[in-house]
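Try each task before you read its solution.

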Amino acid sequence: MEPSSMNFEGRVVVVYVNSGGLFRSGQTGWTLDSPRFEEQLGRTFLVGRAIADQPDIPTWHHGASINIPWESVSYYYVFDSIEAYREAVARSRSGARRTWFTRGRGA
């Protein structure tokens, strides 16, 4: 499927990009509201507005336009709305108190 045929209007997309470089390795995640694809200088970018995991705790880039080169994307998640995304974040945080030793014990 061509990126230009994918429609994320009204959705939240969490994108993980390769952040390797001279001093960094691994992946970095970005959360975008209603991103779209744009061609810029012959490259395809996913462009959207950054959102914070929790609206009451904004990040430094909250509200900024982020332009992510599509070729650097490793994988992504799509949520139907900001509310669905924030519910998923809240569910994961409610289980965050568990440690390796308490898993499966109902802690």
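**Exercise 1.** This is a predicted model. Find what the buried residues of H1 pack against.

*Solution.* Step one is to look at the contacts of those buried residues: they pack against E1, strand E2 (27-40) and E5. Step two is to locate the helix itself: H1 spans residues 82-94, 13 residues in total. From its first C-alpha to its last, H1 reaches 18 Å, close to the 18 Å expected at 1.5 Å a residue.

**Exercise 2.** Work out which residues of H1 are buried, and why they lie on the same side.

*Solution.* Start with accessibility, where buried means under 20% relative accessible area. In H1, Tyr85, Ala88 and Val89 are buried. These residues cover an arc of only 100° around the axis, so they sit on the same side of H1. Now turn to the other side of H1: Glu83 and Arg91 are exposed there.

**Exercise 3.** How many bridges join E1 to E5, and which residue is the partner of valine 13?

*Solution.* Strand E1 covers residues 12-18, and six bridges join this strand to E5, the two running antiparallel. For valine 13, look across to E5: the bridge partner there is valine 78.

Key: Residues numbered from 1 in each chain as written. Predicted model: local features only at pLDDT ≥ 70, side-chain atom pairs only at ≥ 80, totals over all residues. Heavy atoms only, no water. Pairing = 2+ DSSP bridges. Helix = DSSP H or I, 4+ residues; strand = E, 2+ residues; numbered from the N terminus. Expected span 1.5 Å × (residues − 1). Buried < 20%, exposed > 50% of the residue type's maximum accessible area, 1.4 Å probe, protein only. Arc of directions from axis to C-beta. Contact = heavy atoms within 4.5 Å.
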